[in-house]
Amino acid sequence: MPRDRLLPTEAPVVLIDHRGAPVPHKEYKVPPDEALLAAHAALVTARRVNDQASALAKQGRLAVYPSSHGQEACQVAAVQALSPQDWLFPTYRDSAAVLLRGVDPVQGLSLLRGEWHCGYDPYEHRVAPQATPLATQLPHAVGVAYAARARGEATVVLAICGDGATSEGDFHEGLNLAAVLRAPVIFFVQNNRYAISVPLARQTAAPSLAHKAIGYGMPGTRVDGNDVAALLAVLGAAVERARTGGGPELVEAHTYRVAPHTNADDPSRYRAQDEATQWHDRDPITRLTTYLTDHGVLTEELSGAATARAEELAAAMRSGLGADVTPDLANLFAHVYSTPTPQLIEQEELVLDELSRVI
Ligand SMILES: Cc1ncc(C[n+]2csc(CCOP(=O)(O)OP(=O)(O)O)c2C)c(N)n1
Ligand SMILES: [Mg+2]
């Protein structure tokens, strides 16, 4: 779809409102029932992944878990907008998306177990390692997109980041380079209104995060981040545009981090409790369930099957991550360079020698 406007729309795109009612839009349409049913099942799975992983963190089975509870529509749409040949570049908050893309749950969560930097093979499902340093994955994503196009492949890259990450230098460098190169990459900003304790108002003076796009010369689009139908339509159109040579796009999803930043955070220290409560009414699963039920598309049988599949994944997480592990500390150095530098070898010897005295 050609985009002749660069400025974002006044209001975020909404196709199904928080009461589950359809909202007409002149540019985007509600995806077909089949796609919405798949999204519903994926939402149920994503919520279960978040709840199960949070419980495992409380039990000490994961070192930390940054939950995307309440942001599941973003997780689901990011994955469903992509084809198998495309690449996903996730952050630490996007474990649900990583697992929905097909990464094994034990391998996918090994980073948060403190066991590996990245426990899965990024090439298997075309999922880059989850980036903890903010925005550092964005220039990498541009490089992958540019290289794919140079090889004549129709690959699109979707890179996720948070509202806080948009203040980083790497965000600027990534978006600027992508626009200059017309690289097929979507920058998907999950604006959940907080960067740990820093609220959006202290993050930027721009009218919206999507407005930043115009400075780079790429379109910016605002979308309701709790409306999976709108997300699928907006991201789907952006992916299609990028695939057919239209260049990059910045998509800002308006959502809310219902959960603490991680299990180690206490949000009552920096935000009012009723703020989170208000967002429960905008829950991404409730509104899609209402819409699909009202339209006679979601049956009890389909809903039960979605829950059963989510429970299967949760059971695999419990059994796979419930066992004790003894990490091999030498692995810290094993995958830094294909040929380790003399300095790295020296550091490894020093660390292993030190550890042999204390353990
Ligand atoms: C370069 C860098 N600086 C600081 C941090 C510490 N840090 C971790 S998460 C975070 C907040 C990020 O907020 P946002 O980008 O909005 O993502 P969210 O956690 O809300 O998903 C910060 C400052 C980091 N990981 N990387
Ligand atoms: Mg944030």
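Good morning. Fifteen residues, written 15 in my notes, surround ligand 1, and the closest are Tyr92, Arg93, Gly164, Ala165 and Tyr194. Please keep in mind throughout that this is a predicted model.

Let me stay with the ligand for a moment. Ligand 1 sits in the second largest pocket. Which side chains place a polar atom beside an oxygen atom of ligand 1? One of them belongs to arginine 93, where an N or O atom of the side chain is 2.6 Å from a ligand oxygen. Tyrosine 92 also takes part, with a polar side-chain atom 2.7 Å from an oxygen atom of ligand 1. For aspartate 163, the distance from a side-chain N or O atom to an oxygen of the ligand is 2.9 Å.

Arginine 93 leads us to the next residue, serine 67. Serine 67 is in contact with Arg93, and also with Asn50, Ser54, Ala259 and His261, when neighbours within four places in sequence are left aside. Where does serine 67 lie in the chain? Its place is the loop that joins helix H1, residues 33-58, to helix H2, residues 72-80. Is serine 67 buried or exposed? Its relative accessible area is 5%, and because buried means under 20%, serine 67 counts as buried. The side chain of serine 67 has a polar atom 3.0 Å from the backbone nitrogen of histidine 69. There is also a relation across the sequence to note: serine 67 and aspartate 94 are 27 residues apart in the chain, while their C-alpha atoms are 8.1 Å apart in space.

Helix H1 brings us to glutamine 52, which is found in that helix. Glutamine 52 has 5% relative accessibility and therefore counts as buried, the limit being under 20%. Apart from residues up to four places away in sequence, glutamine 52 touches Ala314, Met317 and Arg318.

I turn now to threonine 155. This residue is found in the loop between helix H6, residues 137-150, and strand E2, residues 157-162. Threonine 155 has a relative accessible area of 4%, so this residue, too, is buried. What does threonine 155 touch? Not counting residues up to four places away in sequence, its contacts are Gln85, Asp86, Trp87, Arg126, Ala148, Pro184 and Arg243. With glutamine 85 there is a further detail: the backbone oxygen of that residue lies 3.5 Å from a polar atom in the side chain of threonine 155.

Another residue in that list, arginine 126, deserves attention for its backbone. Most residues other than glycine have a negative phi. Arginine 126 is not a glycine, and yet its phi is positive, at about 60°. Arginine 126 lies in the loop between helix H5, residues 122-125, and helix H6. Its relative accessibility is 25%, so arginine 126 counts as partly exposed.

Arginine 182 also has a positive phi, near 50°, in a residue other than glycine. Where is arginine 182 found? Arginine 182 lies in the loop between helix H7, residues 169-181, and strand E3, residues 185-191.

Thank you for your attention.

Definitions and conventions:
Residues are numbered from 1 along each chain as its sequence is written. Chains are lettered from A and ligands numbered from 1 in the order in which they are written. This is a predicted model: local features need pLDDT of at least 70, side-chain atom pairs count only at pLDDT 80 or more; totals for chains, interfaces and linings use all residues. Side-chain values use heavy atoms; hydrogens and water are left out. Helices (H or I, at least four residues) and strands (E, at least two) are DSSP runs, numbered from the N terminus. Buried means under 20% relative accessible area, exposed over 50%, partly exposed in between (1.4 Å probe, protein chains only). A polar contact is a pair of N or O atoms within 3.5 Å; within protein, one must be able to donate a hydrogen and the other to accept it, and residues adjacent in sequence count only if both atoms are side-chain atoms. Contact means heavy atoms within 4.5 Å. A residue is near a molecule or strand if one of its heavy atoms lies within 4 Å of it. On a 1 Å grid over the protein atoms alone, a cavity is a set of points where a 1.4 Å probe fits but cannot get out, and a pocket is an open set with protein on both sides within 12 Å along at least five of seven lines; lining residues have an atom within 4 Å of a point. A molecule sits in a cavity or pocket if more than half of its atoms lie within 2 Å of its grid points.
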